[in-house]
Amino acid sequence: MDRIQKLEKEINSLRKALQEKESELFEMKSNWMPVHPNNNLNQGYTAQCEQLNMKNVTKVFYGDNLPKWAIERYSRQILLPDIGVQGQERLCAAKVLVVGAGGLGCPASVYLAGAGVGEIGIVDYDNVDLTNIHRQILHTERDQNMSKAESAAETLRSINSHIKITPYTVQLDSDNALGIASRYDVILDCSDNVPTRYLLNDVCAIAKIPLISGSALKMEGQLTVYGYRAERNHNEKDLSHQGPCYRCVFPNPPPAEAVGSCSANGVAGPVPGVIGALQALEAIKLIVGQTHEKLLVGRLLIFDGEDVSFRTVKLRPRNPQCAACSESPTITRLVDYEAFCKAQAKEKKKQEARLKTQRRREEKEKRMTGQSYYGFRTTKIPDGDKKKWIQDVPKSERKMGPRCKSEFCAKGTYRHCSSITEEGRAKLFHHFWNELDWKGKKNFVRSLVDTVPPKRRRLKHKGMVSRKGDTKLYHLKHQEERLPVCRVMFLNTLGIKEAMVRCWLIGEKPKLPKKPIKSLNVNSYIDNLPKAPARCQYCTDIQYINLDSIKNLYQLYNMYVRDMKAKGVVPASRKTFSNVATAKNIRIFKPKNDTDICDLDLDLQILSPEYRITALELEEQLKKLNLEVDSKQKQRHLLVDVRSEAEFNMCRIDGAVNYPIDQFRGEKVDEVLRMVNDKNQVTFVCRRGNDSQIAAKMVIDLIDEEHKDKVKDLVGGLHAWSDSVDGDFPIY
């Protein structure tokens, strides 16, 4: 473990050193041949270039004539009449911002870098995950947990070292979007959520920057160009032409439940590759000066991967009263787009929080068992005085220290440090760290340390509290006997610090009884709100706040505060409001649909314990069946997998049959009922153990009483199977 941590630190330091050297090299190249944003060189610079005989220039030459290396490198596209030398010069001077280093952003930025675009900015807050690599071609397996923007920048620098790559490892929001985007000429929308699309559209409308928007899901992809202005292209005949923006086509955001995602619906890797490559093509055409007739302005390209077909549809024309791009727009500043779209821009917020909690739990378990782990450090947040806790400080494992070498202990008669052998010390250390839980460790230390209060020698000081601390007498167990030892011997044998001993000797603080909730006017306020009953058939005790403008408890509390202040009433605290809402079982969000799957809990408890079976118990039963000689006996146990057909074909337990939960009705249920009558046991499985409970419950409610005990559900689903039985089973 220590060796791994050391290698990780060395690799990170080498990466930082490499980035610093690359930045230094880029600055040297820039000083040697300054970057000119326009297409014309001044005469002084031209004369200087002629005097220096620029044969070994290692930087793009921003002038009327390209250097030899640039012509050789980009010759295949310079040969095209639509690009030519002038087009290549425009490409070398262009600045393109790619928002999202995912399935669309990776292929788009690859072709932009290959084409020689002078500067590419990459915005992505996320880190590389193993599930990304099948479609996000700039990242490799060794880049896992690395910033996507940094990983993409590193790969692009290896493709073209003559261009500038600027990674932004931030989430684009209303505070930073305009400052970042205003530095670039073209923006590529390679995001995967609706709030970011509206954000980028408004940014481009305010800054008058064209937006090339792409999307991909399942086997389909779409592409178009928003916010095109002919006045910025000298090749246009009609300089007054303007294309529609995103708000012209979609004035209002779609419902959150109607928007799919790659993690929920899946995507074929080549589909975003096709759309991303076409985004780069549109950007190149736009930069070199193609007119709007040859660009996807006012047209939407639709790609269908199932039959490999392309078609274009005409979009709505530009809206003269558009809130974003009209002559008198009402949107002059950026707003909260998550609230506007009623959806999250950062899809992995909950997943990241869950992973962070899981990691903290794992590191805590390592710390409590004496293993090496990562501790916490604090760092100041740049914009403010708040501190942020970061868990990245490596802590070494607990080791037994050297024994006491004090002459006083060796010669004295009170302490018996020399009586305890090294073997005895090793047994004590092993017992302390490997056989006791955290509470047991505390009690073990308390049983071996005696606290003696200081004595008052003068009568006038009797009863007064002494400033001197209590004296501690340390002991170690040797052959079931408490032997007094010195402090060094005690701490080194158990591998702990004195501060930990002092903390444990204080004892547990008595838990005070909880104070009753002062609900004030919260009860009546919540009771008077419009409510909708639970749509899940198993969550009948839950009520939902039926207000379209409220999407979380925070917004509900703010509305409550405004209403109370309007009435001149002092509002209750947020904690009190939250406690009352929890006691009343109030929810804001709703189940997924009307009949089956519920979103309220990742671990539903629909079935009673007698109908549930753990992964280890299921493994034992399957092993026993494999030992049976009679083939008919082997078929007496049936596994019913209720995941979708695509998930079932992706990975499954050997011998399972597939009955998808969304089709589990009518004849399908009857088939399973007949199977239960013929089998000794039928076990339902799914991904996490929720859908399988729903299917098992349906069967239990319909089957005869004598067969109900045959129906079982796998606790925790296939995730539990992977954790407890088969580590090779994929968790997705």
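**Loop between strand 4 and helix 9**

1. The model is a predicted one. Asparagine 193 belongs to the loop between strand 4 and helix 9. Aspartate 192 has its place in that loop too, with strand 4 spanning 186-189 and helix 9 spanning 194-207. The side chains of aspartate 192 and asparagine 193 are joined by a polar contact of 3.2 Å. A second polar contact, of 2.6 Å, links the side chain of asparagine 193 to that of threonine 196.

2. Is asparagine 193 buried or exposed? Its relative accessible area is 11%, and it therefore counts as buried, the cut-off being under 20%. In the unreviewed UniProt entry, the annotation "binding site" covers Asp192 and Asn193, along with Gly103, Asp124 and Lys148.

**The protein as a whole**

3. The protein holds 28 helices and 21 strands. Of its 732 residues, 43% are buried. Among contacts with a separation of 6 or more, 64% are between residues 24 or more positions apart.

4. Eight strands make up an open sheet with mixed pairing, in the order 3-2-1-4-5-6-7-8. Strand 3 (164-168) and strand 8 (309-314) are its edge strands, and each of them pairs on one side only. On average, and with direction ignored, neighbouring strands of this sheet are turned by 15° against each other.

5. Within this order, strand 5 (residues 211-217) and strand 6 (residues 220-226) are paired in the antiparallel sense over seven bridges. Opposite alanine 216 stands glycine 221 of strand 6. Helix 12 (residues 270-288) lies across strand 1 (95-99), strand 4, strand 5, strand 6, strand 7 (299-304) and strand 8. The helix runs at about 170° to strand 5.

6. Why may helix 6 (residues 105-115) be called largely enclosed by the rest of the structure? Nine of its 11 residues are buried, so the rest of the structure largely encloses helix 6. The buried residues are Gly105, Cys106, Pro107, Ala108, Ser109, Val110, Leu112, Ala113 and Ala115. Glycine 116 follows helix 6 and has a positive phi, near 90°.

7. In helix 18 (residues 487-494), the buried residues include Met489, Phe490, Leu491, Thr493 and Leu494. Which elements cover the buried residues of helix 18? Among them are helix 16 (422-434), helix 17 (438-448) and helix 19 (498-506), together with strand 11 (449-452), strand 12 (471-477) and strand 13 (482-485).

**Threonine 576**

8. Threonine 576 has its place in helix 22 (residues 574-583). With a relative accessibility of 15%, threonine 576 counts as buried. Its side chain makes a polar contact of 3.0 Å with the side chain of serine 573.

9. Another open sheet is formed by five strands in the order 17-21-20-18-19, with parallel pairing. Strand 17 (612-613) and strand 19 (657-658) stand at the edges with a single partner strand each, so each has one side left without a neighbour in the sheet. Strand 17 pairs with strand 21 (residues 711-714) in the parallel sense over two bridges. Arginine 612 stands opposite aspartate 713 of strand 21.

10. Helix 27 (residues 691-702) lies across strand 17, strand 20 (681-685) and strand 21. Relative to strand 21, helix 27 runs at about 170°. The loop between strand 20 and helix 27 contains cysteine 686.

11. Which residues are in contact with cysteine 686, leaving aside its neighbours within four places in sequence? They are Asp641, Val642, Arg643, Asp691, Ser692, Gly717 and Leu718. Cysteine 686 has a relative accessible area of 3% and is buried. The unreviewed UniProt entry carries the annotation "active site", which covers Cys262 and Cys686.

Methods
Residues numbered from 1 in each chain as written. Predicted model: local features only at pLDDT ≥ 70, side-chain atom pairs only at ≥ 80, totals over all residues. Heavy atoms only, no water. UniProt positions renumbered as here; feature names shortened; annotations may be inferred. Helix = DSSP H or I, 4+ residues; strand = E, 2+ residues; numbered from the N terminus. Polar contact = N/O pair within 3.5 Å; in protein donor to acceptor, adjacent residues only side chain to side chain. Buried < 20%, exposed > 50% of the residue type's maximum accessible area, 1.4 Å probe, protein only. Pairing = 2+ DSSP bridges. Contact = heavy atoms within 4.5 Å. Axes fitted to C-alpha atoms, helices over the stretch in contact; angles between N-to-C directions.
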